[in-house]
Amino acid sequence: EIHMGTEASQSSKTSIPDPLERIIFESEGRAQVLLGGPGAGKSTVCRYVAARLAKEAIAAEAWEGPIPLVVPSRYLERVPAREFNEALVTAAVESVSGLSNRLRPSIVEALIDVIDRAYVLLDGLDEAPSDQADSDLRMTREEILREARRFGEAHPSARCLVTSREADFVFEGGLHRLFPVHYVLDNFDRGQVDEAIRKWHA
């Protein structure tokens, strides 16, 4: 189950039909936040989006759709705002390959060229430092959210989804004001767990 939260009422729930299709692929918002507790499925949603888009791209003769970039937030280094696109692509390449950007410059350059078609999946905002004192090199949670919002405004054809643990987002001063409307994944109940297991092994 998924519900929508607002700055005015963090505990309010609004039922959303077909949440993944509507929110992730069809909503007008270009930069959005998806929250949930540990194990709620936030990273799974990111992998689902990336896998689905990759599958559609492979099946198409000439793919003109979104290009998924899964970016663990902890990989983002602090850079000037004008270099944020390169930081996104670099973090995505390094997280997948395990290799430094210096070894894959051609891939980074090619992805930057099509950044307007990117679907940026910024996973694990809560794993980024909470304030600058924690790290001189990595971007803080607030910096990441501000840049994600700017990215959505600067690239209207692209999309950006940020995931985070709900507690870190709601109770850390200022973060929820950057995205006053956000979405929250509920944990599975026992019946949903059993159903998922049956479908997985069917």
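The legends below accompany several close-up views of a predicted model of one protein chain.

**View 1. Overall fold of the predicted chain.** The secondary structure of this predicted model comprises eight helices and six strands, and along the sequence these elements follow the order β-α-β-α-β-α-α-β-α-β-α-α-β-α. Of the 202 residues in the protein chain, 41% are buried, and the accessible surface amounts to about 11300 Å², with 51% of that area belonging to carbon and sulfur atoms. When contacts between residues at least 6 apart in sequence are considered, 69% of them join residues at least 24 apart.

View 2. The mean pLDDT of the protein chain is 77, and 76% of its residues reach 70 or more. Among the elements of the chain, strand S1 (residues 2–6) has the lowest mean pLDDT, at 51, whereas strand S4 (residues 118–123) has the highest, at 91. Over residues 6–17 the pLDDT falls below 50, although this stretch has 28 contacts in the model beyond near neighbours in sequence. Where pLDDT is low, the predicted coordinates should not be read in detail.

**View 3. Strand S4 and the strands paired with it.** Strand S3 (residues 67–72) runs parallel to S4 and is joined to it by six bridges, with Pro 72 having Asp 123 of S4 as its bridge partner. S4 also pairs in the parallel sense with strand S5 (residues 159–165), in this case over four bridges, and here Tyr 119 stands opposite Arg 159 of S5. S4 is mostly covered, six of its six residues being buried. The cover extends to both faces of S4, with Ala 118, Val 120 and Leu 122 buried on one side and Tyr 119, Leu 121 and Asp 123 buried on the other.

**View 4. The largest nonpolar core.** This core has 33 residues, and those with the most contacts inside it are Val 71, Leu 76, Val 120, Leu 122 and Leu 145. At least two residues each are supplied by strand S2 (31–36), S3, helix H3 (84–97), S4, helix H5 (141–154), S5 and helix H7 (175–178), and H3 gives the most, with seven residues. In soluble globular proteins, nonpolar side chains tend to be buried together.

View 5. Leaving aside neighbours within four places in sequence, Leu 76 is in contact with Val 71, Phe 84, Ala 87, Leu 88, Ala 91, Leu 122, Arg 138, Met 139 and Ile 144.

View 6. Cys 46 counts as buried because its relative accessibility is 1%, and Cys 160 counts as buried because its relative accessibility is 3%, the cut-off for a buried residue being under 20%.

Key:
Residues numbered from 1 in each chain as written. Predicted model: local features only at pLDDT ≥ 70, side-chain atom pairs only at ≥ 80, totals over all residues. Heavy atoms only, no water. pLDDT = per-residue confidence, 0-100. Contact = heavy atoms within 4.5 Å. Buried < 20%, exposed > 50% of the residue type's maximum accessible area, 1.4 Å probe, protein only. Pairing = 2+ DSSP bridges. Areas by Shrake-Rupley, 256 points an atom, 1.4 Å probe, with all protein chains shown as cover. Core = buried A, V, L, I, M, F, W, Y, C linked by side-chain atoms within 4.5 Å.
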